[in-house]
Amino acid sequence: MHPSSDLDSSVPDLGPDVTVLDPSMPAAAIQRRLDEVFARQESDEFGPGRHALLFRPGRYAVRVRVGFYTQVAGLGLVPGDVRIDGQVSADARWFGGNATHNFWRAVENLSVAPGDGGNRWAVSQAAPMRRVHVHGDLLLDDGGWSSGGLLADARIDGQVRSGSQQQWLSRNTSWGGWTGAAWNMVFVGVADPPPGAFPDPPYTVVARTPVVREKPFLHVDGEGRYHVFVPAPRRDSVGVSWADGVPGGISIPIGRFHIARPGDSTETINAALDAGRHLLLTPGVYHLDGTIRVTRPGTVVLGLGLPTLVPGTGETAVAVADVDGVKIAHLLVDAGPVNTPVLMEVGPPGSSAGHAADPTSLHDVFFRIGGAHPGRASVSLVINSHHVLADHVWAWRGDHGEGVGWAVNTADTGLVVNGDDVTVYGLFAEHYQKHEVVWNGERGRTYMFQNERPYDPPDQASWMDGPVRGYPAYQVGHSVARHEAWGLGSYCFFQADPSVVADRSFEVPDRPGVRLHHMVIVSLGGVGGIHRVVNDTGGPVGGPPGNAIHHLVDYP
């Protein structure tokens with residue numbers, strides 16, 4: 001057990017890759033440490049480095065550039081407890097201004113005063129900005145392409161300029177204004193959404209967020225003791241959770257957590273969980289020798305610095321029992337070389353308990369098959385429990401990096417939902433070889449879906465579902481009576497064989513209770529085609545007649 005096991009521990013041992021900064025430190029020393037971490041991580045897209053930069057409450061005159069696998073977070077209870085007079089930014093200089101590879105980083109729980117130039121957060125998938133207050137403008141690109149992203153529980157005093165962003169989800173935010181649009185901009189529970197109606201501009205506005213729990217976060221109290229704050233669920237909400245100060249929720253002393261490090265066995269981790277500990281995963285790559293099993297209600301599993309779990313034996317990386325109120329946050333699950341049938345399972349098959357009063361929630365949970373190394377996984381995430389809340393998921397079968405190829409990083413499906421009353425905000429699923437999402441549960445809801453079809457089917461014959469060309473990206477089960485989704489985008493780029501066509505991107509049963517709102521399909525550069533948007537409606541794009549984009553307002 002690491003030193004933080006003592007209930008009264010005020011300075012937990014968070015390992016060598018967590019840097020805790022204090023306003024009493026010389027600004028030059030702080031800046032030097034920030035620059036050292038960024039120099040390592042700026043372009044290290046598939047490297048092993050993982051870092052958390054944590055700011056104690058106070059004011060700092062520094063510039064924080066955020067690279068790969070870096071989490072920047074304040075340790076206050078509200079964003080204003082930590083103020084950065086400078087920038088907390090992500091740019092794409094390393095890639096010539098192209099931000100489409102700016103993945104796997106995060107900023108949260110602080111305020112930033114960037115000055116006249118605004119604060120740049122030029123990112124794509126798996127790069128959330130949460131629980132922040134920007135005293136100025138926010139710029140979401142760096143002059144080149146960009147493909148994000150998530151802004152949640154945030155207040156921007158100035159303008160948000162989306163620039164080249166292809167799609168974006170803003171949830172429970174407020175701002176001085178929003179400018180820009182490309183294909184699919186979704187606003188849920190936003191206090192002052194921009195005017196306009198889909199598809200011109202392509203804005204999807206949902207007035208209130210039906211139910212959400214904000215992400216748990218680490219903080220220190222007035223005596224310097226560490227806790228993890230777990231926000232309570234909010235229902236029918238608009239705007240930030242912290243508008244009136246500290247929101248509802250509980251603080252759990254750090255001493256009630258097992259603080260894990262890379263190299264810990266799953267036996268050690270599971271023994272701590274079985275003993276009633278929560279789990280804090282410090283930065284690093286964890287090569288698992290079994291399944292992390294979360295069996296007790298209310299357990300918090302919180303990562304720092306995007307800890308990465310690699311299953312080594314083909315076993316599930318994380319399995320959650322069918323219990324109330326589990327919270328899993330800030331993790332990357334990276335498939336190993338032995339095929340894993342399911343990388344993460346929430347509830348075992350046949351789960352039947354109701355959890356409406358205290359749902360299990362996932363926050364910034366990401367999956368990767370290939371890219372860093374050859375990996376294989378049939379399904380990335382299966383949700384069997386009812387009432388689960390998923391707040392930002394990216395499931396990605398790698399299209400570049402190491403260990404990628406049609407027969408190398410094999411992966412059928414990103415997400416399978418079998419539970420009822422499951423709600424997902426910000427669902428990104430890309431490049432899987434069969435269905436990207438299969439939804440079998442009743443009364444499911446998705447708010448913003450982003451998808452790219454696999455780039456690499458070698459030919460049409462290799463990518464057939466019986467007589468159907470390709471697979472729907474988002475399939476609702478034939479027996480489902482009620483399902484609803486808003487802001488759905490699906491794109492193709494069949495570069496291995498541009499003659500490849502997907503017959504449709506969305507497939508749903510024709511029932512009055514199954515409704516899709518604001519869909520778009522895109523053929524990127526006209527490379528390959530999608531014949532229909534949903535079922536036999538909408539489209540085509542790509543190939544003759546060469547349409548690049550097609551919108552569908554509602555189905556049916």
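Arg469 and Asp503 meet through their side chains in a salt bridge with an N to O distance of 2.7 Å, where a salt bridge is a side-chain nitrogen of Lys or Arg within 4 Å of a carboxyl oxygen of Asp or Glu. The pair links distant parts of the chain, since Arg469 belongs to strand β40 (residues 468-469) and Asp503 to strand β43 (residues 501-507), 34 residues apart; strands here are DSSP runs (E, at least two residues), numbered from the N terminus. Arg469 is partly exposed at 29% relative accessibility, whereas Asp503, at 13%, counts as buried, buried being under 20% relative accessible area, exposed over 50% and partly exposed in between (1.4 Å probe, protein chains only).

This is a predicted model, in which local features need pLDDT of at least 70 and side-chain atom pairs count only at pLDDT 80 or more, while totals for chains, interfaces and linings use all residues. Residues are numbered from 1 along each chain as its sequence is written, and side-chain values use heavy atoms, with hydrogens and water left out.

A second salt bridge brings together Asp391 and Arg171, 3.1 Å from N to O. Because Asp391 lies in strand β34 (residues 389-397) and Arg171 in strand β14 (residues 167-171), this pair ties together parts that are 220 residues apart in sequence. Both Asp391 and Arg171 are buried, and they belong to one network, joined by salt bridges that share partners, together with Arg130, Glu214, Arg234 and Asp364.

By the same rule, the count comes to 28 salt bridges.

Technical notes:
Helices (H or I, at least four residues) and strands (E, at least two) are DSSP runs, numbered from the N terminus.
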